[in-house]
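Morning, everyone. Please bring up the model on the screen, and we will walk through it together.

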Amino acid sequence: MSITAVVKKNTYFDSVSLMAISTKANSLDEVKQAFVAMGTEMNKGVLGNLGLLTPELEAAGNGDLMVVVEAREGAGADEVLARVEELLQRKASATGEATITHRTIAAAAQDNPAANLAVIAVNGAYAGREVRKALENDLHVLLFSDNVPVEEEVALKELAHEKGLLMMGPDCGTAIINNVALCFGNAVRPGSVGVVAASGTGAQEVSVRIHALGAGVSQLIGTGGRDLSEQVGGIMMIDGIRAFAADPATSVIVLVSKPPAPSVEKKVLAEIATAGKPVVVYFVGGSEEAVVAAGGHFASGSQDAALQAVRLGVNPDAAVEPLDTRRIDEVAALFKPEQRFVRGLFCGGTLCDESMYAMLESGDDVWSNIQKDPGRRLTADSPSTGHTFLDFGDDDFTNGRPHPMIDPSLRLARLVEEAKDPEVAAVVMDFVLGFGAHEDPVGVTLPAIEQAKGIAAEAGRHLEIVGYVLGTDLDTPAPADQIAALQAAGVTVTRSSTETGQFARALARKVKHA
Amino acid sequence: MVSVSATTLLRPCSGDAVLLAHLRTLRGCGSVESVFRGVINLLLPDGGLMALAVRGSGDAPRTLVVDIAHWLDRGVEAGRAVEFGPDGIALQGAFGGLRVSVRGAIKWHPILPRLDSLTPSELAVSARALHHLVSVDGEPGGMLGASPGAAPMEVAVCTALEHGRDALVRAVRSSDTVGMRDAVLALLGLGPGLTPAGDDFLTAIALLSSLDGSGLGLFARVLHDVLDEQPGRTTLLSTTTLREALSGRFRAELVDVLCSLAATPGQSEVQAIETVRAPVRRALAHGHTSGTDTLSGLVAGLHLERELRGSL
């Protein structure tokens, strides 16, 4: 039996911490058993009965902490004791990496006093209660859960605002805080561009484009998709702008959102004037006039938003390559006359929105599950018609199942179905990389791409698949590998969400006038 | 991060009325005994112990609840000097001074119910209801026995706790003061935490003994004597808590449990479970096993009260 003991003079831990240390110590591979207790007579008596009482332990006082470790055979006692002491030290300094499961937010906050943010992903019906607890414990919140009532969202955001905290969400899939990407965030280099986004994949795309332009992100604050609705009133976006305005590490601010409520857009734009630094506004389908009048920099797309931000705050000479129109001509020449339509199957809502708006700007009719025009709105069960752009991350598709960035099965089945439609010329798809996303989004889609192309070929048609891989060279898997796999499968790969929309629009025009 | 450069004045929320009265006249230098996220324990100039708890903490004897979220970013460390004066309590943190005013605190008095109106059978019903909830919702590792898969050391502590409890119950039943003393000594300081499980168990019985009409007076005398004779037998916090309990003073959560038990006369066991469920759950949440160990003591104490009354 290899017993080692140490006495920590006048050392106090509350019982929950002591239990956590003890549990952790007993789970170490090298430890047969560990005992951490105050040096009272009775505790020493128990150790004596077990034959574990050393002279050092015997001298412990009732205000001292006793650490007794029995090492497993082959493990060095001193080395094991050092590991247990490390646990104590970690607990005392509260800076260590604990892997303890906590049953409550309060316990987690107590055990990790340096933590100042809670990521909450529980059933939406209970999420509000947990968020309130986190805020009451002075924690910023990223609320991943959806299906949280809007009234509750407003109340929680007001509470956060009063306490000077961020309440990112609900349904917030992306944030980068102090260079740590949360949920679906990408690996983006640190920099001076601050992003506030009411759109998860829109935020991902802008941050990835900023990275591609050689710049970086100071913080990316997600607000949740409803923040700019009439009911919520942009509480978190306005707080985000103010936070960036006060942040010396941020030189330029980018705002990203799907189309906001007009009254809220006005309120948010009013904040720009007092920000004291350039603000680039990318509201899908937003008004250039309103943004310019407010003193902001209007962005026509996600790539333009990133480009302007980098030019304004980092590198005035930053540039992007224009769309290669030769490829469009080559592809258009392959279609039969009846192949007149483009179908978009997207994981990212804003990526879908951006491509759909590109099509709409050219005067095309577009049907979608996220169409503002009720006459052209589809449901998850609706068959495609004309140009159809579907956001598979929308509630209608995700009800009771994971997000398509995690589980792509619905989209894969739809791809095969679209290939059977003789009117379809091209299918546009996004492949989103990121920390919480599918580990190989292209790989899991390739069999369906092959099947879809085969179906079209059997019918004597060419089916063009256009793919965009959203990610940075720091992401895993590497975008270069994903792109290579797509190209090997005969997929045309675009370089940004904006270019994807431009390509789809140009292709639609070509086939329309062919 | 809190930025504190000069002295920060902290507003009191509520405080133990006895402590508040004491602090108004207390002068001199004490020290910080221990610092946790939710509480700082202070050694008073007279050698006593008091707690500065954060807002949202329940009231308790010798505790002043202060309007602060937590203590961790104030840089207060054990051993630092604390001044007690007419302006309140002054202590030094790494980021500046802190002054806790005593004025304006809402006074808290633990108001205990009377259990002497409960018949022996009603005491039995309330004890069984409490036992049921503690068994179902309580935390093992102390008076409820060892956790599943526990290491031999935890098993040894839990076995010793069980023996101590059985010995105490036997001794109290037979009014055996020598046996009571041995059992108290066997339990006092037994368990790993700052308030060891054995102490938590004894504390609840001590609190019961302070109620009007209690038959546990002999036990209270024995415990009092042991604490006087062997003050270093357990931690200072535990000794202080036990002494307060003997005087009928304990933290609000347990007082709430006692009040709910006093509301169970005429109820079936099932009804009584529902009556006491909410305060019991709050009390169980205290510490790791502390809540469970304390309520286990209350269960044992209620059974003893019933048996002792039956023998009158």
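Let's start with a question: does A:Asn147 count as buried or exposed, and why? A:Asn147 counts as exposed, because it has 12 C-beta neighbours inside 10 Å. Here are the cut-offs: buried means 20 or more other C-beta atoms within 10 Å of a residue's own, exposed means 12 or fewer, and partly exposed is in between, with C-beta atoms placed from the backbone.

Now some ground rules. This is a predicted model, where local features need pLDDT of at least 70 and side-chain atom pairs count only at pLDDT 80 or more, while totals for chains, interfaces and linings use all residues. Residues are numbered from 1 along each chain as its sequence is written, and chains are lettered from A and ligands numbered from 1 in the order in which they are written.

Back to A:Asn147. A:Asn147 sits in the loop between S5 and helix H7 (150-163) of chain A. Helices (H or I, at least four residues) and strands (E, at least two) are DSSP runs, numbered from the N terminus. The phi of A:Asn147 is positive, about 60°, although it is not a glycine. Most residues other than glycine have a negative phi, and most peptide bonds are trans.

A:Asp138 also has a positive phi of about 60°, and it is not a glycine. Look for A:Asp138 in the loop between helix H6 (124-136) and strand S5 (140-143) of chain A. A:Asp138 counts as partly exposed, because it has 13 C-beta neighbours inside 10 Å.

Next, peptide bonds. The one from A:Gly169 to A:Pro170 is cis, with omega near 5°. A:Pro170 is in the loop between strand S6 (167-168) and strand S7 (174-177) of chain A. The bond from A:Thr476 to A:Pro477 is cis too, with omega near 0°.

Now helix H14 (residues 349-361) of chain A. What span should its 13 residues have at 1.5 Å a residue? The answer is 18 Å, which agrees with its end C-alpha atoms, 18 Å apart. The rule is 1.5 Å times one less than the number of residues. H14(A) is mostly covered, with eleven of its 13 residues buried. Among them are A:Leu351 and A:Met356.

Last, the two chains. In all, 26 residues of chain A are in contact (C-beta atoms, placed from the backbone, within 7 Å) with 30 residues of chain B. S2(A) gives the largest share of chain A's side, six residues.

Technical notes
Two residues are in contact if their C-beta atoms, placed from the backbone, lie within 7 Å.
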